[in-house]
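Please examine the sequence and the structure shown below. The paragraphs that follow lead from aromatic contacts to helix packing and then to backbone geometry.

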Amino acid sequence: NVKPVVLVMMENRSFDHMLGHLKLENPMLDVNGLSVPLENYNNIYNGTDYSVFNMPHDVELDFDVPHEYDAVATQMMLNKINGKYSMQGFVEAYANVNGAVVNPECTPMGYFNSSQVPITDFLAKNFCVCDNWFCPLPTSTQPNRTMAFSGDSNIYKTKPQLITIPNNIFKWMNKNSIRWRVYHDGLPFFILYPELWPFILSDQFRRYEYLYSDMTQEADANKPQVIIIEPCYEDAPRLGSKHPNDNHAPLAIGWGEDFIRRTYQAITANETQWQNTVMILYYDEHGGFYDHVAPPKISYQTKGKDAYSFESLGPRIPGIVMSPFVKPGSVCHELLDHTSVLQFLSEVFTPGQSYSPSVNSRKKSGIMSINATMVNDIEL
């Protein structure tokens with residue numbers, strides 16, 4: 001029934017930061033967001049309480065927020081007595097990177113209300129919001145994006161580097177005769193993976209400007225079964241007047257909201273095709289912004305020569321599944337991470353055959369498929 005699956009991955013925002021307002025503005029809603037009193041979420045740094053606060057307006061921030069693996073460990077703050085993460089080190093991690101002087105309204109503790117993220121809010125309220133979706137690893141962009149598009153990672157931190165990508169999604173799709181296409185609004189993130197360069201140079205990578213016309217005019221027989229849509233990245237080289245819109249701090253998020261709006265309008269423009277579409281909006285990782293839910297203890301060791309062991313998933317990220325197959329205004333509480341998407345793709349396109357041993361291992365550890373968001377599950 002499903003054709004196509006559309007993947008839109010944005011950058012570096014947490015669930016509470018983008019969607020915590022859902023519970024604040026509608027306390028009856030069955031979603032694990034923020035609730036009053038906000039003092040319940042205080043982080044203590046140098047004897048001072050720092051509370052969650054509504055960011056006064058959407059502006060470009062002065063600094064990025066720390067989100068490398070060592071900063072994330074500080075943010076999650078493991079309690080050595082009970083073995084649980086307190087999620088009370090976000091201000092400390094910020095102060096460690098940006099200096100000891102911290103404003104009373106400390107940037108990583110801020111959240112947006114519904115009027116500040118109108119597109120994200122609209123999609124969450126009209127489709128299925130996932131309030132138990134964590135990034136695969138408690139670290140930064142490169143390892144989490146590699147996990148998202150392969151189910152494994154050979155690296156544990158982000159740095160200027162070219163990356164190997166084991167079991168990559170493009171090789172898997174080609175092996176299984178799945179038609180696919182990438183639309184990129186700027187330089188593709190996939191350019192960091194040398195083994196993907198032949199794909200990037202092919203006609204399967206297209207400029208974002210073609211998305212709307214392809215969705216509305218291309219013959220069904222030629223349309224891709226999997227579509228990956230990339231924003232214009234804040235930390236990538238850009239030509240001309242192109243403005244970054246990936247939501248990576250310190251960007252103002254209005255650019256990202258508009259990118260998500262245009263993408264949703266393009267994907268839904270063909271009403272017939274939309275009836276069978278599953279569109280997934282998610283973030284690579286939390287970007288150092290506060291989230292109150294401690295990630296579960298699911299261990300993973302990176303596969304590279306400098307193997308590193310993580311003992312848990314990373315913090316929660318905003319995840320929304322948009323489709324006629326989901327119940328409007330629903331909430332999925334099942335445990336998800338980015339490999340849930342890979343599970344779902346294998347269920348749709350290679351039923352009975354898992355994506356990879358690593359993804360299957362994560363499934364056995366309790367991480368569910370995106371199929372958990374569907375009404376009574378789709379019969380695949």
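**Aromatic cluster and backbone details**

Phe149, Phe170, Trp180, Phe189, Phe190, Tyr193, Phe199, Phe205 and Tyr233 are linked by ring pairs into a cluster. The model is predicted, with local features requiring pLDDT of at least 70 and side-chain atom pairs counting only at pLDDT 80 or more, while totals for chains, interfaces and linings use all residues. Residues are numbered from 1 along each chain as its sequence is written, and side-chain values use heavy atoms, with hydrogens and water left out.

A pair of aromatic rings is described by the distance of the centres and the angle of the planes. Rings of Phe, Tyr and Trp (its six-membered ring) pair if their centres lie within 6.5 Å; planes under 30 degrees apart count as stacked, over 60 as edge-to-face and the rest as tilted. A search of the whole structure finds 24 aromatic pairs. For Phe170 and Phe190, the ring centres are 5.0 Å apart and the planes stand at 85°, so this pair is edge-to-face. Phe170 belongs to helix H7 (residues 169-175) and Phe190 to the loop between strand S7 (180-184) and helix H8 (197-200), so the pair ties together parts that are 20 residues apart in sequence. Here helices (H or I, at least four residues) and strands (E, at least two) are DSSP runs, numbered from the N terminus.

Phe190 also forms an edge-to-face pair with Phe205, at 6.2 Å centre to centre and 85° between the planes. Because Phe205 lies in strand S8 (residues 205-207) and Phe190 in the loop between S7 and H8, this pair ties together parts that are 15 residues apart in sequence. Both Phe170 and Phe190 are buried, where buried means under 20% relative accessible area, exposed over 50% and partly exposed in between (1.4 Å probe, protein chains only). The relative accessible area is 1% for Phe190 and 8% for Phe205, which is buried.

Two arginines lie over ring faces: Arg145 over Phe189, at 5.2 Å from the ring centre, and Arg206 over Tyr210, at 4.3 Å. The criterion is that NZ of Lys or CZ of Arg is within 6 Å of the ring centre and within 35 degrees of the ring normal.

Which residues of helix H4 (residues 90-98) are buried? They are Phe90, Val91, Ala93, Tyr94 and Ala95, and they pack against strand S2 (43-45), strand S3 (48-50) and helix H3 (69-76); contact means heavy atoms within 4.5 Å. Just after H4, Gly99 takes a positive phi of about 105°.

Asn247 is found in the loop between strand S9 (226-230) and helix H10 (254-268). At 0% relative accessibility, Asn247 counts as buried. Leaving aside residues up to four places away in sequence, Asn247 touches Met10, Glu11, Asn12, Arg13, Met18, Ile253, Gly256, Glu257 and Tyr283.

Most residues other than glycine have a negative phi, and most peptide bonds are trans. Asn12, although not a glycine, has a positive phi of about 65°; its place is in the loop between S1 and helix H1 (15-19), and Asn12 is buried, with a relative accessible area of 1%. Asn167 likewise is not a glycine and has a positive phi of about 55°, but at 41% relative accessibility Asn167 counts as partly exposed. The peptide bond from Lys3 to Pro4 is cis, with omega near 0°, and a cis peptide bond also joins Val36 and Pro37.
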